[in-house]
Amino acid sequence: MPYAAKLDSDTGIELLLAEHGPDPERGYLIGAFASYEEFEDSYDNPHAPASITLPAEPGPAAQVIRDTLLPAYHRALHERRTGAVLAALDAIRAEYDILQAMRDSGRISDGVPLRSPTALTEAAKVFVERVWLEFLPVLTYAPGVLANCTTALPHHPADAGVVHRLGDALASCTPAMQEWQRRLRELRFRPPMSLEPPEQLRTRLGRQVLPSLGAWLAEADAFARIAHAARPGDAPPPGTVAPAPTVRPALPPPSPSPHR
């Protein structure tokens, strides 16, 4: 690669432009970097858009970037964000179903009876602590997906309520997310022993986001349908009517007190 340059903009998109060979008439190669603020490991990712060859002339090259590369980049980013959100929701739902089965049967997941009256309470506590880290992908990637979903709403008016409710649920998690980011910054300058214990912090933040998590689990199927239909560049034909949303039960509190 004789010469290369990184192109960026205030939108956060970063492109790599490289010579296609020693002969300028062969044009250039251009590809997109993954969003470093969202995804750390993007090697061989199935969603990554392929690099393309640009003509040597500036005008046609800019048109190819605008009409081919950038739309592919936006579709890839949307698909990767959507996949991350759905994977997180599926994992949380599976863990919650196990906890609920323990409540209903009085047995742990392998069928062994609960031997201690506090075993279920401890299991619920572990669930709440883990929920925060497992819900982080939703808090990180879902805002970008919902932004794309709003462009599809004129074709699916019935889905506007779903997108609005999910957006409100994310907004309610803003204080928890800000506290988490502040904690990550503090770890750079302060010894961990001077901060709130990590397990305690995760449990506290997990409890804060449980109502939002419940809303997202209840609308998970509708979100998946809306997000897939809202893939950039795949606008549905005018007049298309969305099916009635399928609402799954929301997440009830994981550790209700027997004294209430």
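The pLDDT is the predictor's confidence in each residue, on a scale from 0 to 100. For the protein described here its mean is 79, and 75% of the residues reach 70 or more. The structure is a predicted model, in which local features need a pLDDT of at least 70 and side-chain atom pairs count only at pLDDT 80 or more, while totals for chains, interfaces and linings use all residues. Residues are numbered from 1 along each chain as its sequence is written, and side-chain values use heavy atoms, with hydrogens and water left out.

Secondary structure was assigned from DSSP runs numbered from the N terminus, a helix being H or I over at least four residues and a strand being E over at least two. The protein has six helices and four strands, and from the N terminus on the elements follow the order β-β-β-β-α-α-α-α-α-α. Confidence is highest in α3, at a mean of 94, and lowest in β1, at 80. Over residues 235-260 the pLDDT is below 50, although this stretch has 48 contacts in the model beyond near neighbours in sequence; contact denotes heavy atoms within 4.5 Å. Among contacts between residues at least 6 apart in sequence, 68% join residues at least 24 apart.

The strands form an open sheet in the order β1-β2-β3-β4, with antiparallel pairing. Two strands are taken to pair if DSSP finds at least two bridges between them. In general, strands of a sheet pair through backbone hydrogen bonds, either parallel or antiparallel. At the edges lie β1 (4-8) and β4 (52-54), each of which pairs on one side only. From one strand to the next the twist averages 30°, where axes are lines fitted to C-alpha atoms, for helices over the stretch in contact, and angles run from 0 to 180 degrees between N-to-C directions. Helix α1 packs on the sheet and touches β2, β3 and β4, its direction making about 165° with that of β4.

The individual pairings can be followed across the sheet. Five bridges connect β1 and β2 in the antiparallel sense, and A4 has A18 of β2 as its bridge partner. These two strands form a hairpin with five residues between them, and G12 in the turn has a positive phi of about 90°. Strand β2 (residues 14-19) is in turn joined to β3 (residues 28-32) by five bridges, the two running antiparallel. Here L15 stands opposite A32 in β3, and A18 stands opposite L29. Between β3 and β4, also antiparallel, there are three bridges, and Y28 is partnered by L54 in β4.

Of the 260 residues, 36% count as buried. A nonpolar core is a set of buried Ala, Val, Leu, Ile, Met, Phe, Trp, Tyr and Cys residues joined through side-chain atoms within 4.5 Å. The largest such core has 46 residues, of which L89, W132, F135, V138, W216 and F223 touch the most other members. Two or more residues are given to this core by each of α1 (58-105), α2 (119-152), α3 (160-172), α4 (174-186), α5 (198-218) and α6 (220-229), with α2 giving the most, at 14 residues. Another core, of 10 residues, lies apart from it and has I13, A61, L69 and Y73 among its members.

Several residues illustrate the packing of the helices. Leaving aside neighbours within four places in sequence, F223 is in contact with V85, L86, V145, L146, L166 and W216. V163, in helix α3, is buried because its relative accessible area is 8%. Beyond residues up to four places away in sequence, V163 touches L146, C149, T150, L153 and I226. The C-alpha atoms of V163 and I226 are separated by 8.5 Å, although the two are 63 residues apart along the chain. R202, in helix α5, has a relative accessibility of 17% and therefore counts as buried. Outside four places in sequence, the contacts of R202 are V128, E129, W132, L133 and W180.

Cysteines were also examined. C149, at 0% relative accessibility, counts as buried, as does C173, at 3%. With a disulfide defined as a pair of cysteine sulfur atoms within 2.5 Å, the count comes to zero.

Note on methods
Buried < 20%, exposed > 50% of the residue type's maximum accessible area, 1.4 Å probe, protein only.
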